[in-house]
Amino acid sequence: MAIPESLLRAGSLAPSILSADFAALGVDVRAVLDAGVRLVHFDVMDGHFVPNLTIGPAIVRSLAPMVHGSGAYVDTHLMVERPDSFIESFVAAGADSVSVHVETGANLHRTLARIRELGASPGVVVNPATPLASIEEAMLFVDYVLVMSVNPGFGGQEFIPEAVDKVRRLREMLPPRVAIQVDGGVGRENAARLIGAGADWLVAGSAVFGGGDPGVAAGVLQGMISESVGPDRR
Ligand code: DX5
Ligand code: ZN
């Protein structure tokens with residue numbers, strides 16, 4: 001099911017399960033859902049587009065009922081060379097939004113249209129060194145743009161500070177209905193700055209699951225995000 005418009009621009013935390021305890025994934029996801037999280041971020045890597053292998057549709061299928069049962073949504077970030085080959089299986093497994101990298105190249109319009117046709121929200125992703133000009137046309141066909149604030153492939157990397165200004169410039173380019181998601185190195189130190197620059201969803205992996213109680217960490221971050229969102233977006 002596509003992400004509702006009311007949630008798209010609301011100012012939300014999207015915990016990335018990449019840094020969760022894979023021996024207790026259900027417990028970790030339950031903890032952030034109980035803390036009020038509305039979006040759970042799944043990082044899909046194929047070992048080609050990025051030098052790492054992670055989550056496939058089977059993990060989405062196992063966790064999606066729990067996420068949906070809490071009134072939350074499954075957000076899938078495809079860091080794969082051939083997204084077209086996987087879109088259907090992720091949506092069938094329960095993905096509500098699917099984002100694909102502009103750097104994957106060919107036929108992006110067709111890919112984004114296919115995601116929408118399958119009933120999910122399409123998103124386009126830009127890597128740190130990819131100019132915003134490369135999504136000038138694609139942004140007309142998406143519900144959100146994901147700005148990478150690390151080079152994709154691994155959790156726990158350092159935030160690239162230039163992402164803040166990129167978000168600011170992107171907000172000026174985008175139609176108001178299109179949301180901005182930021183992913184990589186996000187935590188308490190930069191959450192308010194990113195929301196102030198115009199970001200709507202902040203993805204955080206290690207800041208939520210990197211130690212301590214993930215529910216508490218998610219609650220603190222979501223609180224900071226809600227406070228930083230202006231009254232017009234509350
Ligand atoms: C990076 C992934 C991110 C990342 C987030 O390739 O797309 O979602 O795992 O993790 P942190 O918050 O630890 O940077
Ligand atoms: Zn991600």
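## Close-up views of a predicted model

View 1. In helix H5 (residues 108–117), the residues Leu-108, Thr-111, Leu-112 and Ile-115 are buried, where buried means under 20% relative accessible area, exposed over 50% and partly exposed in between, with a 1.4 Å probe and protein chains only. Seen down the axis of H5, these buried residues fall within an arc of 95°, so they line one face of the helix; the arc is that of the directions from the helix axis to the C-beta atoms. The face turned away from the buried side of H5 carries the exposed residues Arg-110 and Glu-117. Helices (H or I, at least four residues) and strands (E, at least two) are DSSP runs, numbered from the N terminus.

This is a predicted model, in which local features need pLDDT of at least 70 and side-chain atom pairs count only at pLDDT 80 or more, while totals for chains, interfaces and linings use all residues. Residues are numbered from 1 along each chain as its sequence is written, chains are lettered from A and ligands numbered from 1 in the order in which they are written, and side-chain values use heavy atoms, with hydrogens and water left out.

**View 2. The site of the zinc ion (ligand 2).** The zinc ion (ligand 2) is coordinated at 2.0 to 2.3 Å by His-41 (NE2), Asp-43 (OD), His-77 (ND1) and Asp-183 (OD); donors are N, O and S atoms within 2.8 Å of the metal (3.2 Å for Na, K and Ca), and water is not among the atoms, so sites may look incomplete. Because His-77 lies in strand S3 (residues 73–79) and Asp-183 in strand S7 (residues 179–183), the pair ties together parts that are 106 residues apart in sequence. His-77 is buried, with a relative accessible area of 0%, and Asp-183 also counts as buried, at 8% relative accessibility.

**View 3. The surroundings of ligand 1.** Ligand 1 is surrounded by 20 residues, of which the closest are Asp-43, Gly-156, Asp-183, Gly-205 and Ser-206; a residue is near a molecule or strand if one of its heavy atoms lies within 4 Å of it. A backbone N or O atom of Gly-156 lies 2.7 Å from an oxygen atom of ligand 1, and a backbone N or O atom of Gly-185 lies 2.8 Å from an oxygen atom of this ligand. Of the 380 Å² of accessible area that ligand 1 has on its own, the protein covers 100%, with areas taken from the Shrake-Rupley method with a 1.4 Å probe and, for residues, only the protein chains shown counting as cover.

Definitions and conventions: A polar contact is a pair of N or O atoms within 3.5 Å; within protein, one must be able to donate a hydrogen and the other to accept it, and residues adjacent in sequence count only if both atoms are side-chain atoms.
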